[in-house]
Amino acid sequence: MKEQEDAVVFMGRVIKDGVAEGEALVSPEPIGFLGGVDGATGLVTERGHPLEGQSVAGKVLVFPGGKGSTVGSYVLYQLARNRLAPAAIINQESEPIVAVGAIISDIPMVDRVPIARIRTGDFVRVAGSEVTLWPAGTRAAE
Amino acid sequence: MYLTDEERAWLAGDAGPATRRALEIVVALARIYGAERLIPVESVQISGVSYRNLGDAGVEFLRHWVEEGARVRVPTTLNPAAMDMVDWTAQGIDADFAAHQQEVLALFSAMGVGGGAPVPTCTPYLIGSRPAMGAHVAWAESSAVVFANSVLGARTNREGGPGAIAAAIVGRTGAYGLHLDAQRRSTVLVKANDPPRTIADYSALGALVGQQTRNAVPYFVGLPLDLEEPLLEEKLKALGAAMAATGSVALYHVAGITPEARADPQLAATGETLAVGPLAEGYAALSDPADSDAADIDLVWIGCPHASLHEIAYVAAALDGRTLRIPLWVTSARPVKAVAEMQGLVAKIEAAGGRVFADACLAIGPVRELGYRLVATPSAKGAYYLRNLAQVSVQFAPLDACLEAALR
């Protein structure tokens, strides 16, 4: 069917096993969760960040990797407790802050995926190491 | 990555949700750093204890993990708290903050840290946790990591907060980085142009080397040290702590002094040589200009990392029979303070108007909220974090100068 024809599948590396899907929110820049994302609102607050003002809640959050303070792991946990966490996380190359944050918050996460192929608005499903991508619009009938 | 049958079973949940979560963290970190397997660790040292740093989200997570059944499987020690767990009122800490900090300690107790009665300190090696040469451990406090690796010859990476807790719960860490022989060779030869003499001088030297080498493995030659040196451990403790603060040095060698340098002369780096000095640059690099807003020092802090008995004795002798004009706080591990009390050292410091606090670290405490603006300290690490975490102005100066400033 149409979604089968348009879908692209990537194999990544599992950081936190799980299944989740949602609309992609893509940042070309790293994200530092402590001071960069508000745990109470889910909004990106870092001044001048490409995602400034946008909500990460329920999105498949796609970015190169983490940066900043190690306490950032706990901001992801806070987002999860407030039901504002990303549905899944996809990194180019994972680092400890976001990896630990995803594990303690039960957010499915993979890395080593060609994130430049993913655009904001695409529909993405993460299942273990498998990332399936439907370009924006091709899965609108779902 | 290779996992044992037991590790696979734990990941499947056979040992409960807390162990599964802990092993997921350890395995993920091991993968990220390219480990081929996990290794058992003899001990773990946990950082991320201050309520000020953890925040409510961190505390909530710790509570959740305890409720899932998190218990440590190997002997585990704990980093300092934001306050003295007994004498916090004397520090001026408010009751609400204290209640939060007490809850954090209770959660670590429930995990079995410190046998259920953790002694918060950044110097576990001064209160009996001294891994042998070659022992694999998973420590988190950067100054304790560099001490364990360099002065004791044990093997640990710089673990993160939750990563160290996870390592304690599963008793394992990834076999990567400084656990491997190849990563322990020095990468830069360091010569001190201006020979350090006092403990604070070693801190100033470390500040410069850390700034200039970042995450290198320095090999020091020509330091005026020998194995019979008075205060040798204090000097090495200060040197390492400073390099771990201004850089991310986790291991260094000193020719003829540190155990791996003595065991293997081939460790010495070939190639790049760094000449460091004068030490005055190290002191200046971590001091705020004298003409800043806070014109006068309003607190002296000694004990970063936590003071040894020798360091407390030095302060007690200097203050004996004199009177301080501003507060002077010494921080140390509670058992070290207990011995200092038995020897009458704490009484001498208190008679002069100073205090000896246990459990606490000022850098992660609410120093600014307590009203202090300009703190003098003989520790480069203390100065670095007072500026960057506690956000107060700092004078990093030799110990005698700090004491004189408080007595003048």
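What pattern does chain A follow when it is read along the sequence? Chain A follows the pattern α-β-β-β-β-α-β-α-β-β-β, where helices (H or I, at least four residues) and strands (E, at least two) are DSSP runs numbered from the N terminus. This is a predicted model, in which local features need pLDDT of at least 70 and side-chain atom pairs count only at pLDDT 80 or more, while totals for chains, interfaces and linings use all residues. Residues are numbered from 1 along each chain as its sequence is written, and chains are lettered from A and ligands numbered from 1 in the order in which they are written.

**Chain A as a whole**

- Chain A has three helices and eight strands, and its radius of gyration, taken over C-alpha atoms, is 14 Å, close to the 14 Å that the globule rule (2.2 Å times the number of residues to the power 0.38) gives for 142 residues, so chain A is as compact as a globular protein of that length.
- Of the 142 residues in chain A, 47% are buried, a residue being buried if 20 or more other C-beta atoms, placed from the backbone, lie within 10 Å of its own.

**Where chain A touches chain B**

- The contact takes 19 residues from chain A and 18 residues from chain B, with two residues in contact if their C-beta atoms, placed from the backbone, lie within 7 Å.
- On the side of chain A that touches chain B, β2 (13-16), α2 (72-81) and α3 (96-104) each supply at least two residues, and the largest share, six residues, comes from α2(A).

**Strand β13 of chain B**

- In strand β13 (residues 374-377) of chain B, B:L374 and B:A376 are buried on one side, and B:V375 and B:T377 are buried on the other.
- Strand β10 (residues 299-302) of chain B runs parallel to β13(B) and is joined to it by two bridges, and strands pair if DSSP finds at least two bridges between them.
- Four bridges join β13(B) to the parallel strand β14 (residues 393-396) of chain B.
- B:A376 is the bridge partner of B:V300, and in β14(B) the bridge partner of B:A376 is B:Q395.

**Helix α13 of chain B**

- The buried residues of helix α13 (residues 334-342) of chain B are B:V336, B:K337 and B:A340.
- Seen down the axis of α13(B), these buried residues fall within an arc of 100° (that of the directions from the helix axis to the C-beta atoms), so they line one face of the helix.
- Just after α13(B), B:G344 takes a positive phi of about 80°.

How values were computed. Buried ≥ 20, exposed ≤ 12 C-beta atoms within 10 Å, placed from the backbone.
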